[in-house]
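I opened the model to look up charged pairs and the nonpolar surface. My entries follow in the order of the look-ups.

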Amino acid sequence: MSAALGFVLFVRPDIGAVSLATVFGLFSIVHGISAVFASPEVRRRRRSEPLAG
């Protein structure tokens, strides 16, 4: 399977570049949205933890 993918990317590098940019873009969007939704929980947990020391 990976050999076929490598062959397609070798023959049509434009498709590979667009696909790679799309995958990284979607990953960045998902990561950013999840960070925004997770930040209140992280903040709440940091406030409730006692200080170490």
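**Entry 1.** Which side chain does Arg12 meet in a salt bridge? I looked it up and found Asp14, at 3.3 Å from N to O. I counted a salt bridge where a side-chain nitrogen of Lys or Arg is within 4 Å of a carboxyl oxygen of Asp or Glu.

**Entry 2.** I noted how I read the model. It is a predicted model, where local features need pLDDT of at least 70, side-chain atom pairs count only at pLDDT 80 or more, and totals for chains, interfaces and linings use all residues. Residues are numbered from 1 along each chain as its sequence is written, and side-chain values use heavy atoms, with hydrogens and water left out.

**Entry 3.** I checked the accessibility of the pair. Arg12 counts as partly exposed because its relative accessibility is 42%. Asp14, with a relative accessible area of 44%, is partly exposed. My cut-offs were under 20% relative accessible area for buried and over 50% for exposed, with partly exposed in between (1.4 Å probe, protein chains only).

**Entry 4.** I searched the whole structure and found three salt bridges. In one of them, Glu41 meets Arg44 at 2.6 Å, N to O. In another, Glu41 meets Arg45 at 2.8 Å, N to O. I recorded Glu41, Arg44 and Arg45 as a linked network of salt bridges.

**Entry 5.** Glu41 and Arg44 are about one helical turn apart, because they are three residues apart in helix 2. Glu41 and Arg45 are four residues apart in helix 2, again about one turn. Helices here are DSSP runs (H or I, at least four residues), numbered from the N terminus. Glu41 is partly exposed at 28% relative accessible area. Arg44 is exposed at 52%, and Arg45 is exposed, also at 52%.

**Entry 6.** Which residues make the nonpolar surface patch? I listed Leu26, Ile29, Ile33, Val36 and Phe37, with a patch area of about 550 Å². A patch takes residues with over 30% relative accessible area and no salt bridge, joining nonpolar side chains (Val, Leu, Ile, Met, Phe, Trp, Tyr) within 5 Å and like charges within 9 Å. Accessible areas come from the Shrake-Rupley method with a 1.4 Å probe, and for residues only the protein chains shown count as cover.

**Entry 7.** I placed Val36 in helix 2, residues 13-48. Val36 counts as exposed because its relative accessibility is 56%.

Conventions: Helices (H or I, at least four residues) and strands (E, at least two) are DSSP runs, numbered from the N terminus.
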